[in-house]
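Notebook open, model loaded. I want to walk through a few residues and then step back to the whole chain.

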Amino acid sequence: MKNTTQLPILASLLVFTMLGTEISAAQPAIDPDFAALDTNGDGLISWPEYAAKHPVSGRLNPRLIFDNVDRNRDGYIDPDEFTAMKKRRRR
Ligand SMILES: [Ca+2]
Ligand SMILES: [Ca+2]
């Protein structure tokens, strides 16, 4: 009777998935610009994600911009670094 013993596991997986959706919906609104760059949705913009949206186009090297925004040099732009970059740009 393998199928019946696996049912509770499937049910708890379903509950877990639903809980996960609820938690992410309760989080504060993420900057839509940030969300557009974070294509895998892990809450960080990696260099490949940034590069995919910012192809090299002559004068501006996107890698330099990325490194400039990545203040703590961990290879990812987190929401704080992204917000700080936007504030600097506004001026
Ligand atoms: Ca990401
Ligand atoms: Ca960083």
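Predicted model: local features only at pLDDT ≥ 70, side-chain atom pairs only at ≥ 80, totals over all residues.

I began at Pro62, which sits in helix α4 (residues 62-69). Residues are numbered from 1 along each chain as its sequence is written, while chains are lettered from A and ligands numbered from 1 in the order in which they are written.

**Pro62.** My cut-offs, with C-beta atoms placed from the backbone: buried is 20 or more other C-beta atoms within 10 Å of the residue's own, exposed is 12 or fewer, and partly exposed is in between. Next I looked up what Pro62 touches, setting aside residues up to four places away in sequence, and found Tyr50, Ala51, His54 and Val56. Contact here means C-beta atoms, placed from the backbone, within 7 Å. Between the C-alpha atoms of Pro62 and Tyr50 I read 8.1 Å, with the two residues 12 apart along the chain.

**Core.** Tyr50 turned up again in the largest nonpolar core, whose five residues are Ile45, Tyr50, Phe66, Ile77 and Phe82. Such a core is a set of buried Ala, Val, Leu, Ile, Met, Phe, Trp, Tyr and Cys residues joined through C-beta atoms within 7 Å. I then checked Phe66 and, leaving aside neighbours within four places in sequence, found it in contact with Trp47 and Tyr50.

**EF-hand record.** An unreviewed UniProt entry annotates "domain: EF-hand" over residues 33-50 and 65-85. Positions are in the numbering used here, feature names are shortened, and annotations may be inferred rather than shown by experiment. For residues 33-50 I found 50% helix and 11% strand, with the end C-alpha atoms 11 Å apart. Residues 65-85 came out at 57% helix and 10% strand, with 10 Å between the end C-alpha atoms.

**Arg73.** This residue is in the loop between α4 and β2 (76-77). I noted a positive phi of about 55 degrees, although Arg73 is not a glycine.

**Ala52.** I placed Ala52 in helix α3 (residues 47-53). Its 11 C-beta neighbours inside 10 Å are why I list Ala52 as exposed. Thr39 is 13 residues away along the chain, and the C-alpha atoms of Ala52 and Thr39 are separated by 9.5 Å.

**Helix α5.** One of the 12 residues is buried, so α5 lies largely in the open. Lys86 is found in α5, and I count Lys86 as partly exposed because it has 13 other C-beta atoms within 10 Å. I also logged 9.5 Å between the C-alpha atoms of Lys86 and Val69, 17 residues apart along the chain.

**Whole chain.** I counted five helices and two strands, in the order α-α-β-α-α-β-α along the sequence. Of the 91 residues, 8% count as buried. Among contacts between residues at least 6 apart in sequence, 38% join residues at least 24 apart.

Methods:
Helix = DSSP H or I, 4+ residues; strand = E, 2+ residues; numbered from the N terminus. Contact = placed C-beta atoms within 7 Å.
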